[in-house]
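Visitor: I have a model open. Please show me how to read it.

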Amino acid sequence: MKPIRKILVIRFRQIGDSILAIALCSTLKRSFPTAEVHFVVNKNIAPLYEGHPDIDKIFTFDKNENKPFHVYIKKVWQVVHQNQYDVIIDMRSTIRTLLFSLFSLHTPFRIGRIKGYTRFLLNYPIDTYNKSLNIDMVQRDLLLATPLETIAPITYTKDFKLYITDTEKEEFRKYMINKGIDFSRPIFLIGVTTKLAYKKWNQKFMLDILRRILKEHNDIQMIFNYAPGHEEEDAKNIYNALGCPDNIKINIQASSLRQLAALAANSTFYFGNEGGARHIIQALGIPSFSIFSPSASKSMWLPNNSTFAEGISADDILPQQKQAEMTYEQCFDSITPEEVYKRLNPIILKLKKNQL
């Protein structure tokens, strides 16, 4: 068989999904160092992957290229016919993403997830959602590389990393200093709210835990992370309820994902709701502790790798049988401030002693 020259990895959707997919891209690059690894993502999140050493080319699709179906089809056709891929890994394996394989039936390895309709176009469908597999999402993603073991040893890595330049980090550091941040003290990036309401931890509980951190660790500085709209309203309501303390900076704004990454890289720790910002933090090697809603499995969405990352979910407190008898809100509210602080405070103490 001819050498692997070009690999296409398709990973549309959200920030967190695409960040975790980096482990697969890095695995492929380590295993086939002379091959080009191309990455398909939504245009709004593509800047996160600029300059990534394991991604040679990024293809993006914006709203105008996704919605008119004929425009989408044309671009998919152009991507595969201009590159002649040896491997296509369709991480979503939807009817729309399968078009990449449909237009490239000569590709020897067309890999994706087992679904009822994927067997017609994928010659290596993988059962990544097998419920008997007690593995996290990164490990599930890496299963998509296993068909390539037939042609070469695969060097697997669970690490997913993002890269920003020293200039980006230093420029944002200066901005933070101008906003009153003291880099001789710990800086906590706080995921105080969420884009989706059903993933947001009880705001009274969040207020309680932040008040306790401020009282017992008055050297910690907090930066609230939020987007415009209802997230900003939530953040300001909590800030006001806390009495607008000097230790909280609510006016440090990241105007792009690259700036959010620079903010994360200049932080000491992340605490708060699980979401895209938490994935960025872990990908930059910053420790974290996150709160998982009942809609997001901690065992699946909190992968273990070289970066310290902990969290809490209803599964840590209640057996599955008990949760089945409760409402979604009751399960979420079982994550009380007391349960969170019992786990969080030892981590904070270790962090301040530089033991993490």
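Visitor: Is C25 buried or exposed?

Guide: Buried means under 20% relative accessible area, exposed over 50%, partly exposed in between, with a 1.4 Å probe and protein chains only. C25 is buried, at a relative accessible area of 0%. C244 is partly exposed, at 34%. This is a predicted model: local features need pLDDT of at least 70, side-chain atom pairs count only at pLDDT 80 or more, and totals for chains, interfaces and linings use all residues. Residues are numbered from 1 along each chain as its sequence is written, and side-chain values use heavy atoms, with hydrogens and water left out.

Visitor: How many disulfides are there?

Guide: A disulfide is a pair of cysteine sulfur atoms within 2.5 Å. By this rule the count is zero.

Visitor: Which residues have the most contacts inside the largest nonpolar core?

Guide: Nonpolar side chains tend to be buried together in soluble globular proteins. A nonpolar core is a set of buried Ala, Val, Leu, Ile, Met, Phe, Trp, Tyr and Cys residues joined through side-chain atoms within 4.5 Å. Here the largest has 60 residues, and V9, L24, L28, F39 and I280 have the most contacts inside it. Helix α10 (residues 257-265) gives the most to this core: seven residues. Helices are DSSP runs of H or I, at least four residues, numbered from the N terminus.

Visitor: What does I280 touch?

Guide: Contact means heavy atoms within 4.5 Å. Leaving out residues up to four places away in sequence, I280 touches I15, I19, L48, L162, L257, L260, A261 and A264. A second, separate core has 34 residues, including F224 and I248.

Technical notes
Helices (H or I, at least four residues) and strands (E, at least two) are DSSP runs, numbered from the N terminus.
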